[in-house]
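Welcome! Here is a friendly first look at a structure that may be new to you.

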4 protein chains.
Amino acid sequence: MIRVGIIGATGYAGEELVRLLSSHPEVKITHIMSKSFCGKKISELYGSYLALDEMLLEDIDYEIIQQDCDVVFTCLPHEPSIEIVPKLLACGVKVIDLSGSFRYKDAAVFEAWYGIHHTHPELLKKAVYGLCELYEEEIAGADLIGNPGCYTTASILALYPLLACNLIQKDSIIIDAKSGVTGAGRSEKLPFSFCESHESFKAYGVTTHRHTSEIEEQLSFAAGSPVALSFTPHLLPVKRGILATIYADLPKGLEISPIEIQGAYEKFYMGSDFIQILPHGSLPELKFVVGSNNCFIGYKIDERLHKLVIVSCIDNLIKGAAGQAVQNMNLMFGLDGSTGLPQLAMYL
Amino acid sequence: MIRVGIIGATGYAGEELVRLLSSHPEVKITHIMSKSFCGKKISELYGSYLALDEMLLEDIDYEIIQQDCDVVFTCLPHEPSIEIVPKLLACGVKVIDLSGSFRYKDAAVFEAWYGIHHTHPELLKKAVYGLCELYEEEIAGADLIGNPGCYTTASILALYPLLACNLIQKDSIIIDAKSGVTGAGRSEKLPFSFCESHESFKAYGVTTHRHTSEIEEQLSFAAGSPVALSFTPHLLPVKRGILATIYADLPKGLEISPIEIQGAYEKFYMGSDFIQILPHGSLPELKFVVGSNNCFIGYKIDERLHKLVIVSCIDNLIKGAAGQAVQNMNLMFGLDGSTGLPQLAMYL
Amino acid sequence: MIRVGIIGATGYAGEELVRLLSSHPEVKITHIMSKSFCGKKISELYGSYLALDEMLLEDIDYEIIQQDCDVVFTCLPHEPSIEIVPKLLACGVKVIDLSGSFRYKDAAVFEAWYGIHHTHPELLKKAVYGLCELYEEEIAGADLIGNPGCYTTASILALYPLLACNLIQKDSIIIDAKSGVTGAGRSEKLPFSFCESHESFKAYGVTTHRHTSEIEEQLSFAAGSPVALSFTPHLLPVKRGILATIYADLPKGLEISPIEIQGAYEKFYMGSDFIQILPHGSLPELKFVVGSNNCFIGYKIDERLHKLVIVSCIDNLIKGAAGQAVQNMNLMFGLDGSTGLPQLAMYL
Amino acid sequence: MIRVGIIGATGYAGEELVRLLSSHPEVKITHIMSKSFCGKKISELYGSYLALDEMLLEDIDYEIIQQDCDVVFTCLPHEPSIEIVPKLLACGVKVIDLSGSFRYKDAAVFEAWYGIHHTHPELLKKAVYGLCELYEEEIAGADLIGNPGCYTTASILALYPLLACNLIQKDSIIIDAKSGVTGAGRSEKLPFSFCESHESFKAYGVTTHRHTSEIEEQLSFAAGSPVALSFTPHLLPVKRGILATIYADLPKGLEISPIEIQGAYEKFYMGSDFIQILPHGSLPELKFVVGSNNCFIGYKIDERLHKLVIVSCIDNLIKGAAGQAVQNMNLMFGLDGSTGLPQLAMYL
């Protein structure tokens, strides 16, 4: 059994990790930790846990972690993550970090978009970007994973193969993304209250959302040269799920057929447990993926405009956060990537 | 034109008042006031107001109120209301108070259920309970209105005529009420966040909700003797609306026909603008009333069990708060009660 | 491996069965059947199944069933169930029927409330009522299960122990129940459209809902004499979940303490995997159970009125239908009742 | 008083017209007509109308229309509209048609996108496109109005001034639009059921939606040359509202400042009752407009990418259908355009 610790277990991504790992056949959760709620039972925050044996939230104790954990998941704000992750690595445990702090190769990009000084840039070389379908081998050998963002997972999975195969123009990409409210975390802020969100809809972070830079860095690797793109997130009145509608120009003067698009995706995702490419013209809906670790991708060629429209869907808390983190753990410990992860959505 | 001031204009009931009064044909809003947000524009809190001329939130100034207002609506927590209302009355303006502080005849009942000492019990004699369909005459002559609570409006309107006509047993009443989340006000508390309320449902305040005592006091007047009843509120994942399902035993050994029930309601509500009694067996839904100042009441006799089931619906922000307050103002200023109030719901 | 067939696999309860059983460790789904959609892939109706290997919907063929199935789940309207179930039993397979047709001991009660002539009343003796926590032994030896209704599961689990222990007055019971829209099944009817259900709420089937009779029959067994009660269902604007608020008078002249209530529940549910009794005054919310096979029960004694208020919650598609059916199958095949069933809700 | 008839009064746009016109100070509704429901009361379909005097749905009778109506609104599918509108005009009444049939100048474009043969192309010259803010004078003199589509209203109002002032590149436009479910009309189709729409989200009609052509025709008039653009609609799990996020490239090699954008909008919408242009970087949300006839437009210049992002919001049933139809009527009958129309949204 893999002995697991979770730091920041009371946020929405943290709770999702506890939920997924509590039924994982190869995992024993040894400690759940929270600064704000240590001493409380998790059921005091999430009543659903009354159904399980009592789990107590503890403070972080590195000696205990060293003794009792093989891997620790950190679900913390960006700055505390930078401070705590090195200490965990020093304990000899593997770390999967869900913040933005270890996702970048270039510390300057991180610092520019996050407005935070990175005090451990040396770890960025060591850290592996945990997008499982693209970095499977590196992940298997990693001690530190920068677990990808939610918007970025949906976006990069849809675009990476197309850029790598030169099937779209890299300067034409527009990502119009929509996320459920759990994406904002366990928040008491008024804009995320029921009355302010329900029956409404809005764009936010227009031209400035941090995930833009994470998507751009990864897609630059795909394209072999810098990519800049337009990314606009929106707040959907649903609890879970991200749907990104992506627009790109097809290469000038080239006819591109659905077979080529399909081929590019298959080249990267053949045999993947969680990526599903739909036939040309068939587009996924949120309910096809919510509750699962899947990413469904559909596309439609617009011949009239010589453009491609792509729709990519995930559950933001699972494939966009906790599920992908578990998938990373599976790969790091030599398990099948899909172990313990839901492969079928709750359509209803 | 009636010159109107609104204190506490930034809460949900306050904003609803501003909304309704801004299109009232006989009203000029002279001042909107807020302690927390004075100096701001209301559009900074409610973006919808960008469509109107700028309205500035001001601090309370009794001299200005005296000069510029004929009536002031107070949308404040219970304790500040008790302090501020006497000062407004001293200015010579009429006051319509939306808190619980001036709804009771018996200060001891208020103090027991609210846990607040009432420092101006002498005003309770002067104050008129603003349930327009029951106290029309008293309201017309009043200087101070205790505007009824939301649950209480839906409950009392359904039960008062039946108790007054001895058509139900007064010790058998159970009110199972469900309210939309605006009932909790403009709240940053986690239980009212989108993620904690959407796709969920719960009872709260079971056996202890303050509105129990307000309903009981009014229904005791109807019955001519003390009434005690079971009242359970629930939180519905909708923005607006209250639906109360009410159970009562029919009088022992008496056959009661729908005609008698209908007759009792007609006796009290004949010619009323806003009360709609549906035919026997036909029951109202929230969407029949939301967006309007209406109260729809339906009922079904359960012959097998010799019981009556009643369903009563209102929009909690309109008939349950701001709309009824405007209806009170209309009566106090000699206007038709329905002036400026929406008589048709937004079904969609 | 238990070889399973599902008839009526395309309705909402049917799909939920396919979903749960497709990850059950001891089950192989051999056939999914549908009259209306035979020849189609299930992914054509539920896009989520694109993530799994193709599953074809077939017509019913008793020879094939005899050959390939150990147990068949029937998710059909009441009348076809009465005709098909005997044929399946004749094939030598065990049957778990999700309709109302095999839930009653008294055919006359079924016929009175359903308005359907029961052509196989002899099977009602043989059929076991599949409320797992109350009939575990009988279920283990059964060939035919009448799987309980959704409202009835939530209601009976909350009331059976209290009636059996004489802790409430049997003629005082009022059940005010609220269900998500999946309870209406995969319906194209306008009242279940998004625009007619969202932001609305209503009671329906008042005094006449069929589940009344199913609850009454079982509670009569608990009480040892006939029980008649008031049951009112409502339509909640959520997809899944039932919350029943139940009112009952405590025995006249007797003080009842929380310890006695707790004791009655423990007597019946001690060691149960899925029933969770909350401490006195603590009440469950839908989000504590949705996505799991749990039933959470909370209660509050109203000393002022000498009444008991109980709140009982389940996921209507899981504990109220498909999950309980799987739990029945587990017991019939000697497995632990919880095998393959979710024990922790999706709080988010 | 303007005497008004409404044909197709039971659809969602039709009911919205009845709702708005029933409180319009200068209107008397003389007939509401419906083929499918003639003989019924409108309250049998929309329970909210129990609050008003009984309104009976009638069959179409041209003699009665000629006698009793000054203007008729037609809320019908595209083909019946083409047949009925000429007969109404022959009666000497003015007609405001809410279908797509009279919105185009070029019948061939209509026929290509709608797949319907237009049997009265001669009326297209006579018909005025009823986008009030752009064609106010023509509308004032018109006998026949082609009332704009919902998506098109939000899109054209946002883009027309920018194209007319050469502030964006006309071949770079991408419109990612999201609509509430009322946009699908009063539909019994499964995809619009609560369970299939709630907590989900999807794109539809990708590259083929009919409104593309309507937007393109109008924007071609703005640009003075043909415009082709990418338009993708999505289904939002809300009842009302459209939010369009629009992307366009700024002119190559030109710096464009917010002042120029603001200037272009002011040139077209100065003094308009219902168009609200937000300051640079401030973006509207659905709740700012739902319930009103307003269109709110916000924009943000993306200097990094030399692009413009625009967000445009309306209530699809009001400014996107019935409200704009009433605004057209107001202009045709010499009233102020805003008469009887809600100018403030229901934020809550």
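**A first tour**

Asn166(C) is exposed, with a relative accessible area of 57%; exposed means over 50%, buried under 20% and partly exposed in between, using a 1.4 Å probe and protein chains only. This is a predicted model, in which local features need pLDDT of at least 70, side-chain atom pairs count only at pLDDT 80 or more, and totals for chains, interfaces and linings use all residues; side-chain values use heavy atoms, leaving out hydrogens and water. Residues are numbered from 1 along each chain as its sequence is written, while chains are lettered from A and ligands numbered from 1 in the order in which they are written.

- Most residues other than glycine have a negative phi.
- Asn166(C) is not a glycine, yet its phi is positive at about 55°. Look for Asn166(C) in the loop between helix 7 (150–164) and strand 8 (174–179) of chain C; helices (H or I, at least four residues) and strands (E, at least two) are DSSP runs numbered from the N terminus.
- Glu199(A), also not a glycine, has a positive phi of about 60°. Glu199(A) sits in the loop between helix 8 (194–197) and strand 9 of chain A, and is buried, with a relative accessible area of 10%.

**The sheet in chain A**

- Seven strands make an open sheet of mixed pairing, in the order 9-10-8-11-14-13-12; two strands pair if DSSP finds at least two bridges between them.
- Strand 9 (202–203) and strand 12 (275–277) of chain A are at the edges, each with a single partner strand, so one side of each has no neighbour in the sheet.
- Strand 11 (residues 242–249) and strand 14 (residues 307–314) of chain A run antiparallel and are joined by eight bridges. Leu243(A) has Cys313(A) in strand 14 as its bridge partner.

**The segment after helix 11**

- Leu335(A) lies in the segment after helix 11 (318–332) of chain A, and counts as partly exposed at 23% relative accessibility.
- Leaving aside residues up to four places away in sequence, Leu335(A) touches Ile2(A), His24(A), Glu26(A) and Asn330(A); contact means heavy atoms within 4.5 Å.
- From C-alpha to C-alpha, Leu335(A) and Asp302(A) are 41 Å apart in space, and they are 33 residues apart in sequence.

**Two copies**

- The same surface serves both copies, as 100% of the contact residues of chain D recur in chain A.
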